[in-house]
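I opened this entry to keep track of what I looked up, in the order in which I looked.

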Amino acid sequence: MTEKILDVKDLKLYYKTLKGYVKAIDGINFDIKRGEILGIAGESGCGKSTLGNGLILLKKPLNYISGQANLNGKNIMNLKNKEMNTLRFKDISIIPQFAMDAFSPTKKIKTFISDIVSQHNINPDEKFFDKVRERLDMVNLNHSVLNNYSIELSGGMKQRLVMVISTLLDPELLICDEVTSALDVSSQRFVANMIGDFRDKKIIGSAIFITHDLSILYQIADRIMVMYAGHIAEIADSDTIVKNPKHPYTKALISSLPKNDVQYKDEQLSGIDGTPPNLLNIGEGCRFRFRCKYATDICAKQTPVQEEISSGHTLACWNYKKAGSDKNV
Ligand SMILES: Nc1ncnc2c1ncn2[C@@H]1O[C@H](COP(=O)(O)OP(=O)(O)OP(=O)(O)O)[C@@H](O)[C@H]1O
Ligand code: SF4
Ligand SMILES: [Mg+2]
């Protein structure tokens, strides 16, 4: 698992608004290796979808400011839309947030799929649909869904269909944005396991799995990247993030999770006091400082830089040694 499929360096993606720049992705560094599932977690508005969408299609008002996103060694941030079109679906594909609501209500599923792939110069002939049917088998969907309208399908069925459509060209990197959020618990588990199954069968090379639900990430991700207000707080293997986090924000997120063996009457979920900052024209300093009990003067003056504190464990915090050894969080 050493070959990097994606290597992101100091990437900045800002929304241009009438009031100024919303610094939604502001200088982040991470990579994804072949065969790896990287989970991305963080509160609403921290930039998860901006990152996922920005890697596929830079659409106004989102602007590329600086940095690199190297996909198989090529910086895709510099590509023209036409060049990028040759990579979409094949090298990099996305299941966008709310994708299962995007089926046309007036088209049968087969027609909907034909229309999508035709836009990517693929002939939706019977040979093509043989492959679709093979994939439907893999996700336990009856072939008859092709003759259904989306309204006739459950949320779990639609999400499995979205998964099949997004991976028809065996993408090297699949970005899954909140694919389990609107599903019941058993459908959540099925869809999450499908991502691992598709990776094991080499239908996808690797995946970014975005969710605010850390417990799902713990089940399926090899590594977890925790984001806060457009920055990366911490990246480590899933076990380290959940059992031995060092960044104050990760520690607070983990301590707000329900524990299996704890009764609510014995222990209250701590939650995280306060709200994330507004990212419009935001300046220097750690963006978590308003909510952080370890904040010191430097936290307001200088943005902490991402550093590798041990092999594969990266974080950005001036006071991580103090915070990391604190057992009271
Ligand atoms: N079109 C836009 N114009 C201006 N700001 C935007 C736009 N879209 C998103 N933002 C801002 O960018 C930041 C990141 O938003 P994003 O949707 O990426 O967050 P997220 O982590 O995916 O949240 P959620 O968990 O709710 O899906 C937020 O501050 C959001 O308000
Ligand atoms: S840099 Fe400072 S404010 Fe930010 S998380 Fe670390 S201690 Fe807290
Ligand atoms: Mg989102």
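**Ground rules.** I am reading a predicted model, in which local features need pLDDT of at least 70 and side-chain atom pairs count only at pLDDT 80 or more, while totals for chains, interfaces and linings use all residues. Residues are numbered from 1 along each chain as its sequence is written, and chains are lettered from A and ligands numbered from 1 in the order in which they are written.

**Whole protein.** I looked up the elements and found 11 helices and 12 strands. Helices (H or I, at least four residues) and strands (E, at least two) are DSSP runs, numbered from the N terminus. Along the principal axes, the C-alpha atoms fill a box of roughly 65 × 50 × 40 Å.

Of the 329 residues, 39% are buried. I use buried for 20 or more other C-beta atoms within 10 Å of the residue's own, exposed for 12 or fewer, and partly exposed in between, with C-beta atoms placed from the backbone. Among contacts with a separation of 6 or more, 65% join residues 24 or more positions apart; a contact means C-beta atoms, placed from the backbone, within 7 Å.

**Strand 1 and its partners.** Strand 1 runs antiparallel to strand 2, with 10 bridges between them. Two strands pair if DSSP finds at least two bridges between them. These two strands form a hairpin with 2 residues between them, and Lys16 has Tyr21 in strand 2 as its bridge partner. Strand 1 also pairs with strand 4, antiparallel, over 8 bridges; there Lys12 is the bridge partner of Ser66 in strand 4.

**Ligand 1.** I counted as near any residue whose C-beta atom, placed from the backbone, lies within 6 Å of the molecule. Ligand 1 has 16 residues around it, and the closest are Tyr15, Ser44, Lys48, Ser49 and Thr50. Strand 1 (4-17), strand 2 (20-33) and helix 1 (48-56) each give two or more residues to this shell, and helix 1 gives the most, with 3 residues. The shell holds 6 nonpolar, 9 polar and 1 charged residues. For these classes, Ala, Val, Leu, Ile, Met, Phe, Trp, Tyr, Cys and Pro count as nonpolar, Asp, Glu, Lys and Arg as charged, and the others, Gly among them, as polar.

**Ligand 2.** The residues around ligand 2 include Cys286, Cys292, Cys299 and Cys317, as well as Arg289 and Trp318. By class I noted 10 nonpolar, 1 polar and 1 charged residues.

**Backbone exceptions.** Most residues other than glycine have a negative phi, and most peptide bonds are trans. I looked for departures from this.

- Lys60 and Pro61 are joined by a cis peptide bond, with omega about 10°; Pro61 lies in the loop between helix 1 and strand 4 (62-71).
- Asn140, not a glycine, has a positive phi of about 60°. Asn140 sits in the loop between helix 4 (126-138) and helix 5 (155-166).
- Ala229 has a positive phi near 45°, in the loop between strand 9 (223-228) and strand 10 (231-237).

Definitions and conventions
Contact = placed C-beta atoms within 7 Å.
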